[in-house]
Structure formats: C-alpha cells, structure tokens
Amino acid sequence: PHLSLFVPSCPQLSPLSPDINELNLPKTCEIDFSDQDDLLHFRLLICPDEGFYKGGKFVFSFKVGQGYPHDPPKVKCETMVYHPNIDLEGNVCLNILRWAT
C-alpha cells in the first residue's frame, strides 16, 4: 500500500502543503516528520526491493526553504553510499534540484 499524508492548512506552509497532501510513497519508502510543527524539515528512508541497491537502507534529509517552490529543497544522503549523483559529503547532485534563477 502507498502512504498518503494529510497536512492541515498552515499559512506558513501553504506552498508545500499541497505537495505533501498529494504524496503517494511506494512501500519501499517511509517519511519521517520528527517535528510535527516543522514540515519544512523531514527525512526519507528508502529500502529498495530490487536492483543493485536491493536490501540497502538509505536515509535522505530534506530542508525546504521559505522560497519553495521557486528555490529547490536541500537534499542530503545521510547514508554513506557510492552513487554518481551523491558526493562524498552526501549532497545530492541532480539538475532537477538546481533550478535556474
């Protein structure tokens, strides 16, 4: 089953709330809002069930700035892993995260 989240309306989170409300995660992913009052910072656990990374557990932290959706979120992989789009400090290097200004 997919995880569907409901986030109450909050003026400060209005640009982010619709995205979270529409989020359908596969069974291999879990999202953790450690601080229910701060939905701009959360962690995502990914446990692939196929492919090269099958059986792994990978934690990503997300920091969504006040400029969202015009500014991309900061995404960091907290799990040491070799991947061409993750540098040695865990920074996720994807063009989709680097929107043109």
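**Exercise 1.** Classify Phe33 and Phe42 as buried or exposed.

Solution. Phe33 and Phe42 are both buried. Buried means under 20% relative accessible area, exposed over 50%, and partly exposed in between (1.4 Å probe, protein chains only). The model is predicted: local features need pLDDT of at least 70, side-chain atom pairs count only at pLDDT 80 or more, and totals for chains, interfaces and linings use all residues. Residues are numbered from 1 along each chain as its sequence is written, and side-chain values use heavy atoms, with hydrogens and water left out.

**Exercise 2.** State how many aromatic pairs there are, and describe the pair of Phe33 and Phe42.

Solution. Start with the rule: rings of Phe, Tyr and Trp (its six-membered ring) pair if their centres lie within 6.5 Å; planes under 30 degrees apart count as stacked, over 60 as edge-to-face and the rest as tilted. This rule gives 4 aromatic pairs. In one of them, Phe33 and Phe42 are 5.2 Å apart centre to centre, with 45° between the planes, so the pair is tilted. Ring pairs also link Phe33, Phe42 and Phe62 into a cluster.

**Exercise 3.** Classify the pair of Phe52 and Tyr53, then the accessibility of each residue.

Solution. Phe52 has a relative accessible area of 75%, so Phe52 is exposed. Tyr53 has 26% relative accessibility and therefore counts as partly exposed.

**Exercise 4.** Find the accessibility class of Cys93.

Solution. The relative accessible area of Cys93 is 28%, so Cys93 is partly exposed.
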